[in-house]
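Dear colleague,

Please find below the structure that I am handing over to you, with its sequence. My notes on what was found in it follow directly after.

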Amino acid sequence: MPKNFVLDQRIERAADAIETNAAAYRGRWAEACFPLCAEGVSRFERVHLDLGCGKGAYIAAMAKRHPTTLFIGMDSEPVCVVHAAQLVLDEDIKNALVIPGDAAKLDQIFAEGELDAISINFPTPHPKRRHARLRLTSAQHLEGYRPLLAGSATVALRTDSEPLYKYSLPQFEALGWNILCATDDDRAAHPEQPITEYEERLTAQGATVHAIYATPPSTPATTEQLQAAEDMPLSLIDYLPEDLFASDYIPYGMSYAVDNLRNRRRNESRKKRV
């Protein structure tokens with residue numbers, strides 16, 4: 001951040017694109033946020049939630065491409081909320097806004113079937129076992145999204161973390177989600193996806209983008225399905241690739257674990273040679 005960055009001032013400046021009373025719009029986002037200047041139409045056709053929207057580059061790009069869809073960015077970091085909201089205002093985007101918050105209380109903000117899509121772009125992986133429930137693709141979170149999604153809605157995960165991808169795919173499958181696409185190279189599979197500054201920086205460092213696109217089951221997960229997901233390895237260390245030396249790139253949040261394992265393997269290799 002620049003030295004003259006004052007959060008309170010920036011929040012006030014970007015307030016027109018920030019909704020702090022999100023619960024008041026539960027069940028009526030598509031109508032309540034529709035531009036007053038529109039004629040003959042009274043609502044947006046779709047509502048798309050971007051969880052962990054960061055600085056808002058993704059929702060800004062998507063909103064320009066899809067003017068009949070309302071894009072709602074959500075982030076728990078106030079600085080990200082401010083940056084995203086300011087971008088929406090600077091580019092005069094009428095079909096996007098930002099909400100402060102996280103995935104824990106989505107059912108208080110959105111009604112059943114209100115969302116047509118949820119995107120989860122480069123989320124914090126929370127590699128430790130005890131933090132598994134914080135991952136936005138844990139079984140508990142997936143089950144929380146399910147009732148809020150329309151029948152044909154899609155949840156999309158895009159991540160530079162191969163361990164998070166390998167953890168997440170079985171979570172979707174255990175709960176009976178329909179996997180539309182699971183890929184180790186989403187840029188090749190979906191070149192039309194907006195490329196943000198964040199992704200450009202990652203790929204310049206050697207990252208590839210792993211992705212899962214899935215639609216929810218029509219019925220709630222059973223106790224057995226939730227338990228099956230819970231019984232899977234929960235530490236992302238268990239999903240690290242066999243050859244840790246194949247790439248110099250270390251996914252965000254995994255550097256400590258990877259460095260420890262690499263050092264351990266080097267020491268074991270030296271002992272064998274001795």
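**Helix H3 and what covers it**

In helix H3, which runs over residues 57-65, the buried residues are Tyr-58, Ile-59, Ala-60, Met-62 and Ala-63. Buried here means under 20% relative accessible area, exposed means over 50%, and partly exposed lies in between (1.4 Å probe, protein chains only). Helices (H or I, at least four residues) and strands (E, at least two) are DSSP runs, numbered from the N terminus. The cover over the buried residues of H3 includes strand S1 (46-51), strand S2 (69-75), helix H4 (78-90), strand S3 (96-100) and strand S4 (115-121). Contact is taken as heavy atoms within 4.5 Å.

This is a predicted model, in which local features need pLDDT of at least 70 and side-chain atom pairs count only at pLDDT 80 or more, while totals for chains, interfaces and linings use all residues. Residues are numbered from 1 along each chain as its sequence is written, and side-chain values use heavy atoms, with hydrogens and water left out.

**The protein as a whole**

The protein contains 10 helices and seven strands. Its radius of gyration, taken over C-alpha atoms, is 20 Å; this agrees with a compact globule of 274 residues, which would have a value near 19 Å by the rule of 2.2 Å times the number of residues to the power 0.38. Along the principal axes, the C-alpha trace spans about 80 × 50 × 35 Å. Of the 274 residues, 46% count as buried. Among contacts with a separation of 6 or more, 76% are between residues 24 or more positions apart.

**The nonpolar cores**

A nonpolar core is a set of buried Ala, Val, Leu, Ile, Met, Phe, Trp, Tyr and Cys residues joined through side-chain atoms within 4.5 Å. The largest one has 41 residues, and Trp-29, Leu-51, Phe-110 and Tyr-145 touch the most other members. Strand S5 (residues 149-159) gives the most to this core, with five residues. Another core, of 17 residues, lies apart from it and includes Ala-14, Met-62, Ala-85 and Ile-93. Beyond residues up to four places away in sequence, Leu-51 touches Met-74, Ala-103, Leu-106, Ile-118, Ser-119, Ile-120, Asn-121, Leu-136 and Tyr-145.

**Individual residues in loops and strands**

Asp-160 sits in the loop between S5 and helix H6 (162-174). Asp-160 is buried, with a relative accessible area of 6%. Residues up to four places away in sequence aside, its contacts are Phe-122, Leu-202, Ala-207, Thr-208, His-210, Tyr-249, Pro-251 and Tyr-252.

One of these contacts, Phe-122, belongs to the loop between S4 and helix H5 (139-145). Phe-122 is a residue other than glycine with a positive phi, near 55°, and is buried at a relative accessible area of 13%. The loop between S4 and H5 also holds His-126. His-126 is not a glycine, yet its phi is positive, about 50°; this residue is partly exposed, with a relative accessible area of 23%.

Thr-183 is placed in strand S6 (residues 178-183) and is buried, its relative accessible area being 12%. Leaving out neighbours within four places in sequence, Thr-183 is in contact with Tyr-165, Ala-189, Val-209, His-210 and Ala-211.

With kind regards
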